[in-house]
Amino acid sequence: MSKLSRRQLITTGLAVTAGASGLVVAAKLARGYGLVPPDSGGIYGPGETLTYAAQRLLTRHSLAREFSRSQISAKPFANGVAPLGDDFQRLQRAGFVDWRLKVDGLVAHPGSFSLADLKTFSRRSHITMIQCEEGWSYIAEWTGVPLSHVLEVVGAAPQATHVVYRSFEPDWWESIDMADALHPQTMLAHEMNGGELPVGFGGPLRMRVMRQLGYKSVKYITRLTVTDNLKQFGKGLGSASPEAGYAWFGGI
């Protein structure tokens with residue numbers, strides 16, 4: 001991905017100050033550099049594009065803030081979910097030994113991994129804040145396997161641009177670009193605060209995208225699909241979020 005020159009950045013900034021017409025100019029410029037989010041259509045499209053392009057150009061390799069153990073929230077907030085049904089309860093009663101993460105798409109070695117398999121992979125822990133668009137937040141320690149390691153194991157294709165991830169919850173799915181998928185803090189978390197990840201917080205397995213709002217950290221992950229074309233998923237907007245009225249890119 002090419003980077004804008006200083007002059008182009010200044011030009012874009014001046015264009016933005018011009019108002020709506022400036023957003024259109026910035027969006028066209030971002031499109032030329034492949035920095036257009038999948039939900040770029042519609043009335044808010046130029047603004048979504050400008051936000052995404054600016055974040056990728058200026059903070060592509062930035063890290064989410066990490067906290068000390070003493071700052072972990074005493075009472076983290078578990079956002080409610082709809083009942084997960086009999087199949088989930090059966091898996092839970094068995095200690096999730098039959099839980100599987102399927103990985104497919106543009107990969108050399110498609111696979112299906114149990115929780116035990118994932119726990120043998122490279123392991124990382126981060127103490128970070130999860131922030132919700134509804135206004136609540138909390139700090140917790142998340143432990144799991146870096147998504148980048150899983151993509152390395154399955155041999156993600158060089159032309160891949162996004163990773164789509166699906167939940168056990170019906171019709172709930174998300175995607176991130178490769179900048180976030182390969183980011184060192186993005187992980188498939190299976191532990192929280194030193195213990196197994198509680199079901200209320202997404203257990204047995206949830207995505208943690210540390211640099212985006214909480215709705216990108218989907219709970220109950222069961223499948224990853226590596227792709228170079230998001231238009232073939234759902235309504236072509238990149239995830240269930242824009243279909244529900246939220247931005248596809250929820251950068252913090």
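These legends accompany close-up views of a predicted model. In this model, local features need pLDDT of at least 70 and side-chain atom pairs count only at pLDDT 80 or more, whereas totals for chains, interfaces and linings use all residues. Residues are numbered from 1 along each chain as its sequence is written, and side-chain values use heavy atoms, with hydrogens and water left out.

**View 1. Strand E7 and its burial.** Strand E7 covers residues 187–192 and is mostly covered, with 6 of its 6 residues buried. Buried here means under 20% relative accessible area, exposed over 50%, and partly exposed in between (1.4 Å probe, protein chains only). Strands (E, at least two residues) and helices (H or I, at least four) are DSSP runs, numbered from the N terminus.

View 2. Strand E4 (residues 137–146) runs antiparallel to E7 and is joined to it by 5 bridges, two strands being paired if DSSP finds at least two bridges between them. Within this pairing, Ala 189 of E7 stands opposite Gly 144. E7 is also joined, by 3 bridges and again antiparallel, to strand E9 (residues 206–208), where Arg 206 is the bridge partner of Ala 189.

**View 3. The hairpin of E7 and E8.** Two antiparallel strands, E7 and E8 (residues 195–196), are joined by 2 bridges, and Met 192 stands opposite Gly 195 in E8. The hairpin that they form has 2 residues between the strands, and Asn 193 in the turn has a positive phi of about 55°.

**View 4. Leu 57 in helix H3.** Leu 57 lies in helix H3 (residues 45–59) and counts as partly exposed because its relative accessibility is 25%. Leu 35 is 22 residues from Leu 57 in sequence, and their C-alpha atoms are 8.9 Å apart in space.
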